[in-house]
Amino acid sequence: MAARVGPRTLELDELRRFPNRPVRVNGTLHWDVLGLYGNVLDGLRSAPSGLASVGVDSWAVDYGLLDGSGALLGNPVHYRDPRTDGVMERIRAEVGDDLLYQASGLQFLPFNTIYQLAADDLSRARTLLLIPDLLAYWLTGETGAERTNASTTGLLDVRTGAWSNDLLSRLGLPAGILPPLRDPGSPIGVLRPDAAAETGHPGLPVVAVGSHDTASAVAAVPATTDRFAYISCGTWSLVGVELDAPVLTEESRKANFTNEGGVDGTVRYLRNVMGLWLLQECLRTWGDPDLPALLAEAAHVPGLRSLIDAGDPEFLPPGGMPARIAAHCRRRGLPVPEGRAATVRCVLDSLALAHRAAIRQAAALSGRDVEVVHLVGGGSRNDLLCRLTADASGLPVVAGPVEATALGNVLAQARALGAAGGLAESRALVAGTQPLRRFAPSGDTDRWDEAAALLASPAR
Ligand code: LRH
């Protein structure tokens, strides 16, 4: 994305879009990170000259390992790979939930970096770089760990903002592989000569942004009040509130809420909800049928019949999603969705219920009142999901911007260059320049209360 930012201007221009397809090799699910980097170079090559800077963000938790010469030791492994099966349970038993949560403030997800590292061979590793830091390293030659993304590793001390030496030594992980931390807005370096020659941007500064995509997305939520919840809705739905300080109570730990680091030292207090992954995987199984037509059909299917627990880890791995959804309904004694439109409706109703639960719990556990829900990211295009989320939560949903992550990324750069203000000003700029749509709740929350109770009841 190329962007233009000014006092009343915030424009994005899409330079290049490419699929990020995982590849299974020898039974392990990998990311094609060199392919991604090649596409980054191609995108930069097609950018206009005179760019002020560039910033990199990506999904969280995954990493590449470098050897002593700075070479990548194999392709990064996808967080959905089963190599971490059982690892989190073992470490939780060894170290204790309370200690892990007090140290990192992170929700227990089997793919957090800490558990991936415990399943990895680190014998030849000298440096660990999270994915955006790896891309920035290839662009500049500089290593480091940007803080918002580092906060998803499970190894960052949530109170001090430094790497947790205590956790590292308890787990026997080599502390030396974790590079120095850096904050959004700090300079990383300039394009190294080979990257400059390939792209035609000599001397282009690379600036650290909220390199965790969700951190950038939350920074670009067009909130005009403190009393907002957000749903950063794409492959995942990241649902929560923004706080000044972490919530580390036992209730919070048991509710599996995370305290991830936001831009400006804020805390993203949220829960990972399975998100549109459920839908994406259904579409992939069905050979990618026309989505708008399917959504239009799903809008006419009677709602709240087939339901799944969208937080169930059984939905994490890829493959055979419609069959897994059917089996889940059957096991719970709920009607099995008949056909594609009913399956899509089941997914969207279930996501709306999971959104509602996470919004309510985030508010209750943090004490933050919520008056409005901002739904940003690709999911904000999905009218049915926005409407169902408003109905389920009983709150107005403001949908958009679709490209919240890219906007948060460029706003952090603009700010570092003195071309944009702080978080509140940046959000006002987003609210004033980007198309947003408002979905009022229907007021019929009884049906959703019943559905939530039905889903919470033990399987019949
Ligand atoms: C969303 C996201 C999310 C993480 C997951 C691994 O893209 O970064 O915040 O939990 O990917």
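**Overall fold, an open sheet and a buried helix**

In an unreviewed UniProt entry, residues 51–218 carry the annotation "domain: Carbohydrate kinase FGGY N-terminal". The model examined here is predicted.

Across the protein, 18 helices and 17 strands are assigned. The radius of gyration is 21 Å, close to the 23 Å given by the globule rule for 460 residues, and the protein is therefore as compact as a globular protein of that length. Along the principal axes, its C-alpha atoms fill a box of roughly 60 × 55 × 45 Å. Of the 460 residues, 48% are buried. When contacts between residues at least 6 apart in sequence are considered, 76% of them join residues at least 24 apart.

Seven strands form an open sheet with mixed pairing, in the order S13-S14-S12-S11-S15-S16-S17. Strand S13 (258–261) and strand S17 (437–439) are the edge strands, each pairing on one side only. From one strand to the next, the twist averages 30 degrees. In general, the strands of a sheet pair through backbone hydrogen bonds, in either a parallel or an antiparallel sense. The pairing of S13 with strand S14 (residues 267–273) is antiparallel and extends over four bridges. Within this pairing, Asn-259 has Tyr-269 of S14 as its bridge partner. Helix H14 (residues 340–366) packs on the sheet, where it touches strand S11 (228–233), strand S12 (237–243), S14 and strand S15 (372–376). The direction of H14 makes about 20 degrees with that of S12.

Helix H16 comprises 13 residues (residues 404–416), and at 1.5 Å a residue it should span 18 Å. Burial was assigned where 20 or more other C-beta atoms lie within 10 Å of a residue's own. By this criterion 13 of the 13 residues of H16 are buried, so the helix is largely enclosed by the rest of the structure. Just after H16, Gly-418 takes a positive phi of about 80 degrees.

Terms used
Residues numbered from 1 in each chain as written. Predicted model: local features only at pLDDT ≥ 70, side-chain atom pairs only at ≥ 80, totals over all residues. Helix = DSSP H or I, 4+ residues; strand = E, 2+ residues; numbered from the N terminus. Expected span 1.5 Å × (residues − 1). Buried ≥ 20, exposed ≤ 12 C-beta atoms within 10 Å, placed from the backbone. Rg over C-alpha atoms; globule rule 2.2 N^0.38 Å. Contact = placed C-beta atoms within 7 Å. Pairing = 2+ DSSP bridges. Axes fitted to C-alpha atoms, helices over the stretch in contact; angles between N-to-C directions. UniProt positions renumbered as here; feature names shortened; annotations may be inferred.
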